[in-house]
Amino acid sequence: MKKIDETYDILLKNANLISVSEKRPLVEYNIDIGIKDRKIIAIDKHLDGNSAKRVINCSERFVIPGFINTHSHVQMSVFRETDKGLHLFPWLHDLIWPIEAKYTKEDCYLLAQFGVAEMARNGITTFNDMYRNQAQTYKASSHVGLNAFLCKGVMDIAGESAGKHSIEEARELEKSIPKENFLYSIHGLYTCSADYAKEQVQYAVKHKMRFHMHFCEDEQEVATIKKKHNVEHPTQCLEKYGFAKLPKLLLAHTVILDDYDFEVLEKMKDIVTCVHCPISNAKIGCGTAQVMRLLKLGINVSLGTDGQGTGNNMDMLELMRYTLLTQRNWYKDPLIISAYDVLKMATINGAKALGIENITGSIEIGKQADLQIYDFNSINMFPINDALADLVLNSNHHDIYAVISNGELLVYKYAFLIDDEKHLIDIVKDVRRRTFGEKVRLENTYDNLSQHHKSKK
């Protein structure tokens with residue numbers, strides 16, 4: 001046994017390690033990982049576990065970094081499967097926004113608590129979220145133990161007064177959470193007037209803030225941006241409004257891009273991350289983002305679940321799998337993207353997007369202890385002929401044996417340790433009943449909205 005003076009809070013023994021570190025092999029076997037004071041302090045073979053407070057046997061198990069979800073709307077669990085027959089804008093304008101207007105701060109906290117629990121259950125230890133009443137999301141994420149990066153997507157689509165109120169909400173969030181957890185945000189260029197959008201960018205530049213927004217999600221959004229901002233290409237807004245001066249820019253979706261847009265994004269590659277949300281995009285018929293073209297231009301690409309209304313759930317494994325398969329299919333090339341490529345998108349690329357790659361995103365000595373333990377001895381995984389491919393293509397959240405975030409166990413022996421899941425479900429039932437209505441039936445709403453949408457075509 002190797003002796004060191006440290007007493008580990010947690011010691012992982014005999015792990016099969018996929019560290020996602022450029023300094024280590026892709027896969028290592030029979031590795032011990034020592035955790036103390038929320039950090040990884042030792043990675044080696046045969047570490048002495050006699051004085052460890054907790055030892056977890058990782059024989060025949062794989063350890064990977066915690067997932068980083070770089071675009072979510074965590075409070076939207078109540079909207080799961082409410083998009084039937086609708087494209088993006090009619091769904092938002094006619095169904096989602098009117099119901100969201102009914103939420104109290106307490107509702108927002110309860111929904112955030114449910115959504116954050118779902119994230120933890122799916123191996124997500126860090127997330128970047130855009131929504132309203134985000135102080136409640138911060139409170140919920142602190143309760144569960146996840147690393148939350150939060151913004152309020154400001155917009156003036158409902159008029160000047162609403163736009164000012166939206167800014168006030170963002171400024172209040174800025175004051176109410178730690179600076180390192182805050183991002184500035186507009187909802188999107190299609191929901192902001194030109195002067196309003198430019199003003200928000202200038203504020204973020206002045207205060208050296210990371211910036212997040214929806215961008216080029218579908219054809220209707222792109223058409224609206226061109227008309228509203230008097231441009232031929234949406235990225236001309238990035239040029240005109242000073243986005244290049246931001247320290248970090250996270251663009252969610254980037255599905256509808258032309259050659260000019262790719263050129264602009266390439267010029268901004270030192271600050272830009274394109275957040276790929278393929279399941280959400282596919283579900284509401286937006287199209288398929290050209291991820292490999294972005295990567296070949298040197299542009300960082302990370303992954304986002306989006307809200308559960310369009311993204312279904314917080315399953316990053318499903319997201320990685322869908323990314324791998326759709327990109328190979330889009331380019332008609334089975335070698336164009338690997339399992340390791342998409343694992344990086346779900347981990348270290350997300351950390352780079354937020355500027356925290358020296359803190360988390362890979363398993364390395366000195367980094368925050370954010371990691372997951374997978375049991376590969378399941379009927380859907382065995383036999384293990386290629387560990388990386390098996391993880392991405394065959395695993396599911398039921399294979400997650402443990403999740404550690406900030407050095408604390410959130411999931412252990414497949415069970416969520418922080419809250420009673422049945423209680424969380426009952427909470428959401430109550431919020432849903434109060435905001436959707438007593439009968440909680442949307443079939444007629446779907447029919448009416450679908451007919452309304454068809455009549456506009």
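This is a predicted model: local features need pLDDT of at least 70, side-chain atom pairs count only at pLDDT 80 or more; totals for chains, interfaces and linings use all residues.
**View 1. The largest pocket holds about 640 Å³ of space.** A pocket is an open set of points on a 1 Å grid over the protein atoms alone, where a 1.4 Å probe fits, with protein on both sides within 12 Å along at least five of seven lines; lining residues have an atom within 4 Å of a point. Its volume is the space filled by probe spheres set on the points, which are joined across faces, edges and corners. The lining comprises 29 residues, and Trp97, Glu100, Arg132, Lys152 and Met155 are the closest to the centre. Helix 1 (88-100) and helix 4 (160-176) each supply at least two lining residues, and helix 1 gives the largest share, 6 residues. Helices (H or I, at least four residues) and strands (E, at least two) are DSSP runs, numbered from the N terminus. By class, the lining has 14 nonpolar, 9 polar and 6 charged residues; Ala, Val, Leu, Ile, Met, Phe, Trp, Tyr, Cys and Pro count as nonpolar, Asp, Glu, Lys and Arg as charged, and the others, Gly among them, as polar.

**View 2. The second largest pocket is lined by 18 residues.** Val20, Ser21, Glu22, Ile348 and Lys352 lie nearest its centre. Helix 13 (339-346) and helix 14 (348-354) are the elements that give two or more residues to this lining. The lining divides into 5 nonpolar, 5 polar and 8 charged residues.

**View 3. An open sheet of 5 strands has the order 9-10-11-12-13 and parallel pairing.** Two strands pair if DSSP finds at least two bridges between them. Strand 9 (184-188) and strand 13 (300-303) are the edge strands, each pairing on one side only. From one strand to the next, the twist averages 25 degrees; angles run from 0 to 180 degrees between N-to-C directions, and axes are lines fitted to C-alpha atoms, for helices over the stretch in contact. Within this sheet, 4 bridges link strand 11 (residues 249-253) with strand 12 (residues 272-276), and Leu251 stands opposite Cys274 in strand 12.

**View 4. Helix 12 (residues 316-331) crosses helix 15 (residues 387-394) at roughly 105 degrees, the axes coming within 7 Å.** Helix 12 is therefore roughly perpendicular to helix 15, a term that covers angles of 65 to 115 degrees. Leu317, Met320, Arg321, Leu324 and Leu325 of helix 12 make the contact with Leu391, Val392, Leu393 and Asn394 of helix 15, where contact means heavy atoms within 4.5 Å. These residues divide into 7 nonpolar, 1 polar and 1 charged.

**View 5. Strand 2 (residues 28-36) and strand 3 (residues 39-44) pair in the antiparallel sense over 5 bridges.** Asp32 has Asp44 in strand 3 as its bridge partner. The two strands form a hairpin with 2 residues between them, and Asp37 in the turn has a positive phi of about 50 degrees.

Key. Residues are numbered from 1 along each chain as its sequence is written. Side-chain values use heavy atoms; hydrogens and water are left out. Angles under 35 degrees count as roughly parallel, over 145 as roughly antiparallel, 65 to 115 as roughly perpendicular and the rest as oblique.
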